[in-house]
Structures are given as C-alpha cells and as structure tokens.
Amino acid sequence: MVGGLKLLYMASSSTTIFGSPCAACKFLRRKCMPGCIFAPYFSPEEPQKFINVHKVFGASNVTKLLNELLPSQREDAVNSLAYEAEARIKDPIYGCVGAISVLQRQVQRLQKELDATRAELLRYAYVEHRSANISTISSRLHYPYDLPSPTHGLLPSFTNYYLPRSWNASTSNSSTGEFIQKEGEEGSM
C-alpha cells in the first residue's frame, strides 16, 4: 500500500476494502487478510448475515464448505446457507422445510380453488352455449301454419296445441282430448 492507497478486492458481486474487515472477520475479531474466503460474500454492511450462518453452521464448517467449492459456486452456497440459517433461527425445529411445507399447502389449497373455479366457469359456459343453441334451433324451427315461436327461447310447451286453420271452429276438450264443434257450424273431423 503506497501513499495511503487502499487496494480493492473485487469479488463476484461485492467489493471489500481491506481497510475495513468483512463481517465474518469483524465478528470473529480477527484481521481480514487479502485472501479471506469470507470477504466476497459477507460484506461489512450485512453483519447479521454472517452472525446467523455462524450461529447455525459454525465458521469452520462454512470455511471447509467454501474451500471445497469452485469459486463460481460459492456465492450461491453462501446465499443458501444464509437462507437456511435465517429459517433455522425463526423455526429451530423445521427451518426452511417448515416454510416450504406451509407454501406447499398454500399451493395445494389455491390449486383446489382454481380447479373449482374452472369447473364453475365450464358449467356457465355449457349452460350459455346450450341456451344459445336452443334459441337458435327454436328460431329456425318451422311451426305449422306460420304460428309464432315460443317466447321463452326454449322448446315449445306441449300443453298449448296449435290447431290447423280448418279446425279453428273447434275447441279442444282438454280432459278427453276430443274436438268439439261450435254450435251452428258444420265441419268434419
């Protein structure tokens, strides 16, 4: 270090100034050396990250793990350790597995709601499609003697019989189904 010039150590995503120790060295109360394995991953601005990792895994275990990995894999490993350590501190028994279980149950519940909603939408679409087809069919039906189609848009009701024009003089006896001629008019059946 010449003339008070501070050297910068560039890591994958963080920059550490050797003038200030990394969070790991500061917590462990040791001097942060230029080849410190913790410096690129535990910046002095995030001391709690290392504190959690140290509390759950221990500094020597983290050192061994990082030394066994390729430099390109270390950042992901440290992020995973930090996530697991934070989860273990929040839930000492289940850790991140507990959080994953809660999220899986939530996904299953939401999937059931989504399936029920899709089924309901299909029912509505089927009913709408069916009523549209019935309306189209009933409007295209040719009723005898140009009688109007039913107003409900459904198939005609069979309680109202349409009689040919030649039978207009007759009325239907609904109980017997026979046609009775009106008085004073002649007609044949």
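The exercises below concern a predicted model and are each followed by a worked solution.

Residues are numbered from 1 along each chain as its sequence is written, and side-chain values use heavy atoms, with hydrogens and water left out. Local features need pLDDT of at least 70 and side-chain atom pairs count only at pLDDT 80 or more, while totals for chains, interfaces and linings use all residues.

**Exercise 1. Confidence**

Find which element of the chain has the lowest mean pLDDT and which the highest.

Solution. Start with the scale: pLDDT is the predictor's confidence in each residue, from 0 to 100. The chain average is 74, and 60% of the residues score at least 70. Next, take the elements, which are DSSP runs numbered from the N terminus (helices: H or I, at least four residues; strands: E, at least two).

**Exercise 2. The buried residues of helix 2**

Determine where the buried residues of helix 2 lie around its axis, and what covers them.

Solution. Buried means under 20% relative accessible area, exposed over 50%, and partly exposed in between (1.4 Å probe, protein chains only). By this rule the buried residues of helix 2 are Lys49, Phe50, Asn52 and Val53. Viewed down the axis, they fall within an arc of 160°, so they line one face of the helix. The arc is that of the directions from the helix axis to the C-beta atoms. Their cover includes helix 1 (23–28), helix 3 (59–68) and helix 4. Just after helix 2, Gly58 has a positive phi of about 90°.

**Exercise 3. Salt bridges**

State how many salt bridges the structure holds, and describe the partners of each.

Solution. A salt bridge is a side-chain nitrogen of Lys or Arg within 4 Å of a carboxyl oxygen of Asp or Glu. The structure holds three.

1. Arg88 pairs with Glu84 at 2.9 Å, N to O. The two are four residues apart in helix 4, and therefore separated by about one helical turn. Arg88 is partly exposed at 30% relative accessibility, whereas Glu84 is buried at 16%. Leaving out residues up to four places away in sequence, Glu84 touches Phe57, Gly95 and Cys96.
2. Lys90 pairs with Glu86 at 3.4 Å, N to O. These residues are also four apart in helix 4. Lys90 is exposed at 66%, and Glu86 is partly exposed at 39%.
3. Glu113 pairs with Arg109, the closest N and O atoms being 3.1 Å apart. Both lie in helix 5, four residues apart, about one turn of the helix. Glu113 is partly exposed at 43%, as is Arg109 at 44%.

**Exercise 4. A nonpolar patch**

Identify the residues that make the nonpolar surface patch of about 340 Å².

Solution. The patch is made by Ile93, Tyr94 and Val97. Patch residues have over 30% relative accessible area and no salt bridge; like charges are joined within 9 Å, and nonpolar side chains (Val, Leu, Ile, Met, Phe, Trp, Tyr) within 5 Å. Ile93 sits in the loop between helix 4 and helix 5 (96–140). Its relative accessible area is 64%, so Ile93 counts as exposed.

Key. Contact means heavy atoms within 4.5 Å. Accessible areas come from the Shrake-Rupley method with a 1.4 Å probe; for residues, only the protein chains shown count as cover.
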